[in-house]
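Student: Could you take me through how a ligand site and a pocket are read from a model?

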Amino acid sequence: MIEKIILGTYTRRVSEGIYTIDLDTEKKELSGLTLATKEVSPTYLAKSKAENLYTVTTVDGLGGAGAYDSTYQFLNAVTEEGAPLCYVAVDETRQLVYGANYHKGEVNVYRILDNGGIEAVESLYHQEETGPHKNQDHAHVHYTDLTPDQRLVVCDLGTDRVYTYDVAENGKLTLAATFVAEPGTGPRHLVFHPTQPIAYLFGELDSTVSVLAYQENGSFEKLQKISTLPEDFTGENGGAAIRISNDGRFLYTSNRGHNSIAVFEISSNGEQLSAIQNISTEGDFPRDFALNSTNEFLVCANQNSDNLTLFTRDAQTGKLTLLQKDIYAPECVCVYFD
Ligand SMILES: O=C1O[C@H](COP(=O)(O)O)[C@@H](O)[C@H](O)[C@H]1O
């Protein structure tokens, strides 16, 4: 079987836009890198059930979000002065797109139009005090996505907070709860357990995963905090992507600097993580990775060394084994299974 992967990239050096590549699950290999469409630094992307694609974009020097149809025909873009987004997510129920703007520190909400295009409906900025790290000079929104109960959860690396918003049908946001992480955590991305009311928060700045209990009122409570790095590592590192297996038994995180994927076993109630493996990504700066539909394979993108790495995953032990490295993919920062 062939599974198509869409790759988001920076176009600062050699990349030209959005690419696709095929994962052949019988041959256990990646091949066929193809430029799907030219675009300026489409760093993150997500598709709707209607098969439209929403991506980070820059048009004539203005940053924002763009929409494409299933054949990569450009629909429209909503842009304004300043940097573009760094994360996008689709809300099928309300037909909205959520965007995180790291540099401007904004949460953005867009309405999906009948033709698949988008229009802006909401934008907000967090005023809370910021963390102690040099990268926490102001709010830096890094992640905007849905909770299992259809609220919006926002990770703000600058304020060391995770915000939960109730979302009206028209996209307007009302704050429901705020979780304050330890100073210098730098909340980047978060994943929910598939069956338990638990979330796993990846701190970019201190390379940790916080296990959080998710309550009915939208608040989070910390249960555990664990490093994604080996104890003897003393170099620079920035946490990047976090993914969970479909069965909720294993958690995966990427370390930019140590250039590895850390694997954790999750206790049956979801509340405890135990480190079980740390494996090289065979490249520099693993910005993103994703599991395929069956969770048998993991594809990792090394942003600075322009290569993808393919691992096979043992469903019983959760551990990864290298299958392929040095698969060329320019400046890749987003791995999305279509
Ligand atoms: O993880 C990171 O993300 C931020 C935001 O991405 P950007 O594409 O909007 O710049 C990035 O600036 C930072 O270098 C990186 O570590």
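Tutor: We begin with the origin of the model, then turn to the ligand and the pocket.

Tutor: This is a predicted model, in which local features need pLDDT of at least 70, side-chain atom pairs count only at pLDDT 80 or more, and totals for chains, interfaces and linings use all residues. Residues are numbered from 1 along each chain as its sequence is written, and side-chain values use heavy atoms, with hydrogens and water left out.

Student: What is the mean pLDDT of the chain?

Tutor: pLDDT is the predictor's confidence in each residue, from 0 to 100; the chain has a mean of 98, and the complex is given an ipTM of 0.97 and a pTM of 0.98.

Student: Which residues surround the ligand?

Tutor: A residue is near a molecule if one of its heavy atoms lies within 4 Å of it; around the ligand these are Tyr10, Cys86, Tyr102, His103, His142, Arg188, Glu204, Arg256 and Arg287.

Student: How far is the side chain of histidine 103 from an oxygen atom of the ligand?

Tutor: An N or O atom of the histidine 103 side chain is 2.6 Å from a ligand oxygen, while for histidine 142 a polar side-chain atom lies 3.0 Å from an oxygen atom of the ligand, and for arginine 287 the distance from a side-chain N or O atom to a ligand oxygen is 3.4 Å.

Student: How is empty space found?

Tutor: Rolling a probe the size of a water molecule over the atoms shows where empty space is left. On a 1 Å grid over the protein atoms alone, a pocket is an open set of points where a 1.4 Å probe fits, with protein on both sides within 12 Å along at least five of seven lines, and lining residues have an atom within 4 Å of a point. The largest pocket holds about 1100 Å³ of space, a volume being the space filled by probe spheres set on the points, which are joined across faces, edges and corners. Of its 39 lining residues, Tyr87, Asp145, Val191, Arg243 and Tyr336 are the closest to its centre.

Methods: Polar contact = N/O pair within 3.5 Å; in protein donor to acceptor, adjacent residues only side chain to side chain.
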